[in-house]
Amino acid sequence: KDLDLEEILNFAIECAKTVGPIIKDGYYRKKNIEEKLGPADLVTEYDKKVEETIVGMIKNKYPTHEIIGEESASENIVLTKAPTWVIDPIDGTTNFISQFPYCATLIGFMVDRLPVVGVAYNPILDELFAARKGNGATKNGEKITVNDTKEVRNSLIITEFGSSRDDKRMDIVLENMKSTIMTPSRGIRALGACGPNVCCVASGQADLLFETGMHIWDICAVSIILEEAGGCVMNMDGSTPLNYLNRKYIASCTPELAREVASKLKPIEVPADGVE
Ligand code: LIP
């Protein structure tokens with residue numbers, strides 16, 4: 001039967017609003033911090049609690065749907081064409097731990113391996129970004145649109161150091177930052193969380209984000225929000241369609257700007273998260 005995307009979006013918003021108070025409560029408390037892949041890749045009991053809550057709500061309402069969640073995903077993700085929920089319970093866990101207010105619950109919904117519904121909710125700033133395919137994107141209910149920037153020299157670029165501290169990889173990260181700032185661009189920013197970063201591009205506060213090492217849960221929800229705001233997503237070499245498991249991500253206000261940035265970037269080799 002046909003999926004009711006309006007109902008699915010409303011339910012995704014309900015899930016995000018349900019966990020908002022858990023994140024807000026935890027934000028001001030001392031947390032149990034565990035390392036995942038390294039000292040800059042962290043998880044707290046709140047990430048787990050939020051994911052469990054959302055997964056429970058989805059299983060109850062849509063028992064046949066697939067679910068991919070950051071804290072419960074297997075090492076080798078298989079993304080099928082089936083209806084699939086993709087969840088980052090707290091995107092920006094390090095921000096959450098440091099009380100730096102850019103952390104958001106990201107809930108995406110994919111069909112045929114493409115996101116069709118996305119919600120990004122930052123309960124600290126009380127900002128809710130939402131979109132469904134063909135219906136535009138909103139921030140707290142108001143329509144948002146991307147900038148029309150087509151050249152790096154007129155752009156504000158967002159990129160991150162990421163969570164790896166590998167020496168060789170960091171050299172390329174820094175080189176890529178240098179080649180974009182020296183184009184020149186107007187500046188480089190980083191909020192420390194992919195979801196809030198892409199929402200800046202979607203709402204015209206910045207022009208493009210690039211980052212290697214993102215996972216499907218970092219990019220799924222916000223990619224449909226960006227597309228519905230008029231922007232586009234690409235692989236880091238400028239090719240399309242974006243492979244959601246390849247971890248090489250550009251989110252841009254225009255394809256022209258994305259291609260110019262892509263032409264300046266040196267690839268960073270990271271293992272894919274799985275197969276499509
Ligand atoms: C974070 C990303 C961010 C990246 C961090 C981390 P998490 O996600 O949103 O862009 O630079 O290393 O991966 O782990 O806080 O959900």
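Colour the two domains first: the C-alpha centres of domain 1 and domain 2 lie 20 Å apart. Domain 1 covers 5–143 and domain 2 covers 152–275 in the domain assignment of the protein chain; such bounds come from an automatic or database domain assignment. This is a predicted model, in which local features need pLDDT of at least 70 and side-chain atom pairs count only at pLDDT 80 or more, while totals for chains, interfaces and linings use all residues. For your selections, residues are numbered from 1 along each chain as its sequence is written.

**The domain contact**

Stay with the two domains. The contact between domain 1 and domain 2 takes 41 residues from domain 1 and 29 residues from domain 2. Two residues are in contact if their C-beta atoms, placed from the backbone, lie within 7 Å. Select 114–122 next. This is strand β7, which gives the most to the side of domain 1 that touches domain 2, with 7 residues. By class, that side of domain 1 has 23 nonpolar, 11 polar and 7 charged residues. Here Ala, Val, Leu, Ile, Met, Phe, Trp, Tyr, Cys and Pro count as nonpolar, Asp, Glu, Lys and Arg as charged, and the others, Gly among them, as polar.

**The whole chain**

Zoom out. The protein chain has 7 helices and 16 strands. Helices (H or I, at least four residues) and strands (E, at least two) are DSSP runs, numbered from the N terminus. The C-alpha trace spans about 50 × 40 × 35 Å along its principal axes. With 276 residues, a compact globule would have a radius of gyration near 19 Å; the protein chain has 17 Å, which agrees. That radius is taken over C-alpha atoms, and the globule rule is 2.2 Å times the number of residues to the power 0.38. Among contacts with a separation of 6 or more, 70% join residues 24 or more positions apart.

Now colour by confidence. The protein chain averages a pLDDT of 97, and 100% of the residues score at least 70. pLDDT is the predictor's confidence in each residue, from 0 to 100. Confidence is lowest in strand β16 (residues 274–275), at a mean of 87, and highest in helix α6 (residues 216–228), at 99. For the complex, the predictor gives an ipTM of 0.96 and a pTM of 0.98.

**The ligand**

Centre on the ligand. Its surroundings are Glu70, Asp88, Asp91, Gly92, Thr93, Glu160, Gly162, Ser163, Ala193, Cys194, Glu211 and Asp218. A residue is near a molecule if its C-beta atom, placed from the backbone, lies within 6 Å of it. This shell has 2 nonpolar, 4 polar and 6 charged residues. It draws at least three residues from each of domain 1 and domain 2.

**A buried stop**

Select Ala258, in helix α7 (residues 255–264). Ala258 counts as buried because it has 25 C-beta neighbours inside 10 Å. The cut-offs, for C-beta atoms placed from the backbone: buried if 20 or more other C-beta atoms lie within 10 Å of its own, exposed if 12 or fewer, and partly exposed in between. Of the 276 residues of the protein chain, 46% count as buried. Leaving aside neighbours within four places in sequence, Ala258 is in contact with Leu208, Cys232, Met234, Gly238, Ile250 and Ser252. Then draw a distance to Tyr27: the C-alpha atoms of Ala258 and Tyr27 are separated by 35 Å, and the two residues are 231 apart along the chain.

**An exposed stop**

Go to Leu125, in the loop between β7 and β8 (127–132). Leu125 is exposed, with 12 other C-beta atoms within 10 Å.

**Backbone stops**

Most residues other than glycine have a negative phi, and most peptide bonds are trans.

- Thr183 and Pro184 are joined by a cis peptide bond, omega about 10 degrees. Pro184 lies in the loop between α4 (167–181) and β12 (187–189).
- From Thr240 to Pro241 the peptide bond is cis, with omega near -5 degrees. Pro241 is in the loop between β14 (232–235) and β15 (248–252).
- Arg113 is not a glycine, yet has a positive phi of about 65 degrees. Arg113 is found in the loop between β6 (104–111) and β7, and is partly exposed, with 16 other C-beta atoms within 10 Å.
- Asn140 has a positive phi near 45 degrees. Asn140 sits in the loop between β9 (137–139) and β10 (142–143), and counts as exposed, with 10 C-beta neighbours inside 10 Å.
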